Amino acid sequence: VDQLQASQLVNAFNARYARCIDQDQLEAWPEFFVEDCLYSISSRENVKARYEAGIIYCDSKGMLADRVSALREANVYEPQHYLHLVGCCIVDVCDDARIVSETPFTVYRTMAATGESCVFATGWYSDEFRVAGSELRLHRRVVVCDSGLVDTMLAIPL
Amino acid sequence: VDQLQASQLVNAFNARYARCIDQDQLEAWPEFFVEDCLYSISSRENVKARYEAGIIYCDSKGMLADRVSALREANVYEPQHYLHLVGCCIVDVCDDARIVSETPFTVYRTMAATGESCVFATGWYSDEFRVAGSELRLHRRVVVCDSGLVDTMLAIPL
Amino acid sequence: VDQLQASQLVNAFNARYARCIDQDQLEAWPEFFVEDCLYSISSRENVKARYEAGIIYCDSKGMLADRVSALREANVYEPQHYLHLVGCCIVDVCDDARIVSETPFTVYRTMAATGESCVFATGWYSDEFRVAGSELRLHRRVVVCDSGLVDTMLAIPL
C-alpha cells in the first residue's frame, strides 16, 4: 500500500474502532488486534521517562478479552457515555505488510445522571498495524495520554 | 459509488454542513436535505427506548426552513458562537442511489460576552443520503446526543 | 490537482502541522510556510470588523522563527501540553499552483501539575497554500478563533 492508501485504511479503521467502544460493543474490541499484540495506556511523562509499564499493559489478545470480562463483571461505576473524536492519522512507515502511524484523539465523557459532558482524555495513538490485503489489525497500540491523571478513573478502553 | 468514494463524499459533505451552521449561514442549511426528509435530534436514552419523538423532529425541508425563520425572529439568546468538529464517517451501506453512515461529532460553544468555550454537545449522526452523481443530500439525519440535557438550551441546528 | 486530491493533501498537511506543535518540535514549525508568508491569529469579532492586526501578526518566515526563539528563551510559563484536533478541510479553490481552504480546529490544554484538560481554543484556519507537485506550503494562514480571550494567555502557535 502507498502512503495515501495507508492513510485511508487507518482513518477508516480508527472510525470503526472508536464506534465499537462508544456504542458499548466491547466484546468485539479485541478483534481489532492480532493475537500477539501489545496494547498499553501511558502518559507523555511516562513515555518521555521510558517507563514501559504505563497505566494499563496487555500483551496478548486474550488479556484484552479478560479486561472486557472484568469490566462487565465489575460494572459498578456510575452510568456514563463516551465519545471518541479521532483526528487524521500520520503515516510514518508503510509497505504491504505493515503501517506505522500516529493519530491524535480526544475522548468526552457524559454522565447519565447529570447529562454533563467533559473532556475525559486527550492524546495520541502510536500504532503499528499488520496489513493483509486491505484489512488492518493492530500489532501494537500505545495510547499516550496528555495527562497522567487518567489512571485513577479509567474504566473503558481508549 | 464504492465504500471509499462514499466515505470521501460523506466527509466532504459533513465539512460543508458544519461550516454552514458555524458561520451562521442558516438559510442555506435546508439545502443539505432532500424535500422529503427527516431531521431529528434525540438522545442515546430515547433511541434505546425507541421513543421516536426526540427533542426536535422535522419531516420536510419546509419545516427546516420554518425552524430557521423562527430562530432568526426570536434571536433573543445571548450572543454565542458554535464550532462543530466532525469525525471520520463509517459507511455501513452504499450503492449508486444511497449511502447509510454514522459519524461522531462534537460541538463547542463560545459565549461572546465572556469568551469562554465549553463542550456543548457530543454524539452521532445516523444518516441516510440520497446520491445523484457525486452530489449528496440527506434523506434522513438522526442526531443522537450523548446527553438528554441538550434540549433545554438548544438554539442552533446540530 | 483536483478538489479531492487537494483535500487529501491539505488533511495530511494539517495532521503533520499539528503534530509538530503538539510534540514540541517548534523549531520545525516555520518550515510549513513559504518565505514570503502571512501568519496571523485573530478572532471572529476582529475579522468581522476587518481589523487586520489580530492577536499575532507575522509576515515572513523569519518572524515565525523569531517567535519560536522568543518562546524558547522566555519559557517561564507553567508546564503544559497541547493537543490539536483538526477537522476535515473544505477546499474552496484549487489549481496546480494554489489551494484555498478552510478547516475547523480545537486545541486542548493539559496542565502538567494538575493533569486537568480543558478546551483552550476553537476556531478556523483560513488558508492559502502554494503547491509544488504534491508538496504544500502555507502562503497565508489566518487563525480565526471563536473567542477574543485567547490573546491574554497565548503561548504556543495555533
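Contact means heavy atoms within 4.5 Å. The model shown is predicted: local features need pLDDT of at least 70 and side-chain atom pairs count only at pLDDT 80 or more, while totals for chains, interfaces and linings use all residues. Residues are numbered from 1 along each chain as its sequence is written, chains are lettered from A in the order in which they are written, and side-chain values use heavy atoms, with hydrogens and water left out.

**View 1. Surroundings of Glu102(B).** Glu102(B) is part of strand S5 of chain B (strands are DSSP runs of E, at least two residues, and helices are runs of H or I, at least four, numbered from the N terminus). With neighbours within four places in sequence left aside, Glu102(B) contacts Arg19(A) and Gln23(A) in chain A, and Cys89(B), Ile90(B), Asp92(B), Trp124(B), Tyr125(B) and Ser126(B) in chain B. Its relative accessibility is 16%, so Glu102(B) counts as buried (under 20% relative accessible area, 1.4 Å probe, protein chains only). The side chains of Glu102(B) and Gln23(A) are joined by a polar contact of 3.2 Å (a pair of N or O atoms within 3.5 Å, one able to donate a hydrogen and the other to accept it; residues adjacent in sequence count only if both atoms are side-chain atoms).

**View 2. The interface of chain B and chain A.** Here 24 residues of chain B are in contact with 20 residues of chain A. The buried area is about 1,700 Å², 56% of it from carbon and sulfur atoms (accessible area, 1.4 Å probe, lost on putting the two parts together, summed over both). Of the area that chain B buries against chain A, Arg44(B), Ile90(B) and Trp124(B) supply 28%, more than any other three residues.

View 3. Strand S5(B) gives the largest share of the side of chain B that touches chain A, five residues. There are three salt bridges between the two chains (a side-chain nitrogen of Lys or Arg within 4 Å of a carboxyl oxygen of Asp or Glu). In the salt bridge of Arg16(A) with Asp92(B), the closest N and O atoms are 4.0 Å apart.

**View 4. The axis relating chain A and chain C.** In chain A, the C-alpha nearest the axis belongs to Gly87(A), at 4.1 Å.

Conventions. Least-squares fit on C-alpha atoms with pLDDT ≥ 70 in both. Buried < 20%, exposed > 50% of the residue type's maximum accessible area, 1.4 Å probe, protein only.
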